[in-house]
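User: Please take a close look at the aromatic side chains of this structure. I am new to it and would welcome one connected account.

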Amino acid sequence: MNATIKDYLMLHLIVLIWGFTAILGLLISLPAIELVFYRTLIASLGVAALFMLQRKNLLLTFPDMMKVTGVGFVIAMHWILFFWSARISTASVCLAGMATTSLWTAFVDPLFNRTKIKWYEVGLGLMVISGLLVIFSFESGYWIGISMALGSAFLGAVFSVLNGKLAHKHNPYKITFYEMAGACLFTLLFMPIYSNFMTDEGLQLSWVGYDWFWLFILGGICTVYAFSVSVELMKRLSVFTINLTVNLEPVYGIVLAVLIFGESEKMTPQFYLGTGIILVSVLTYPVLNYWNKRRKPVRPLG
């Protein structure tokens, strides 16, 4: 089925929703650990409810269930660092670091799939480093937040590569359920360590004000809905088109952060210069990757 203008608009809407997650992390008063716990709990229950309404089977074999749940542990660490970064710095700083995810993937993917690293990926990686150096030079007060965002981006690359393998074997909705359940389990197991050794305030599981509203948007719309629509769009849009558009997530997120939070999100011109360098490299990567695949000669059969 051919893609329509509506499909492209829906794709940009999904990317806009994903760019809004860092802002939700600031609107919700809960710390990162508790926030991720509620997000994954709501998302896993939401997917389970969808399967129950459709009367479909959620079961996987035990070995497969353990593999998918294990990826959920990686997702939990990714989101904890993501929201922690936004909380101790700004949403813009967090999204600037997250803009490196696709380039991390360019280096992580060959390690998992035993393929060669491409020359242009190395060049773009160096370009990203130069952008980060510009940010670090003028925004040294946010170095912890940027470092957490980079760690989150790396873990995001790891679980995306692992998900690429799982997607060939299992229903994507089943993958989502077990990964969200695994992420929720990880936060539960991590909570005692966090409350005893990493914070003086203890766990804060009580919702305050409109936290419940923002949490249901985060778990329902930003996780279950956005994932479901993105999977549906994959039937009509190419992977190249989707990946190129998803790279705009930091742009949408930073613009939304400035519009919503105003002065607290406005950074120095050097920050936007460094972020611009990172975004140019990120947007250039899928173009070069597509060009590289097109220029490869086709081997004759026989």
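Analyst: A residue is called buried when its relative accessible area is under 20%, exposed when that area is over 50%, and partly exposed in between. The model is a predicted one. With these terms, F82 and F83 are both buried.

Aromatic pairs number twelve in this model. One of them joins Y38 and W207 in an edge-to-face arrangement, with 5.3 Å from centre to centre and 75 degrees between the planes. Y38 belongs to helix α3 (residues 32–54), while W207 is in the loop between α9 (172–198) and α10 (211–233), so this contact ties together parts that lie 169 residues apart in sequence. Y38 has a relative accessibility of 13% and therefore counts as buried, since the cut-off is under 20%. W207, in contrast, is partly exposed, at a relative accessible area of 36%. The buried residues F82 and F83 also form an edge-to-face pair, with 5.0 Å between centres and 80 degrees between planes.

Another ring, that of W79, has the charged end of R39 over it, 3.7 Å from the ring centre.

For context, an unreviewed UniProt entry carries the annotation "domain: EamA" for residues 8–136 and 144–283. Over residues 8–136, the chain is 84% helix and 0% strand, and the C-alpha atoms at the two ends are 36 Å apart.

Note on methods. Residues numbered from 1 in each chain as written. Predicted model: local features only at pLDDT ≥ 70, side-chain atom pairs only at ≥ 80, totals over all residues. Heavy atoms only, no water. UniProt positions renumbered as here; feature names shortened; annotations may be inferred. Helix = DSSP H or I, 4+ residues; strand = E, 2+ residues; numbered from the N terminus. Phe/Tyr/Trp six-rings, centres within 6.5 Å; stacked < 30°, edge-to-face > 60°. Buried < 20%, exposed > 50% of the residue type's maximum accessible area, 1.4 Å probe, protein only. Lys NZ or Arg CZ within 6 Å of the ring centre and 35° of its normal.
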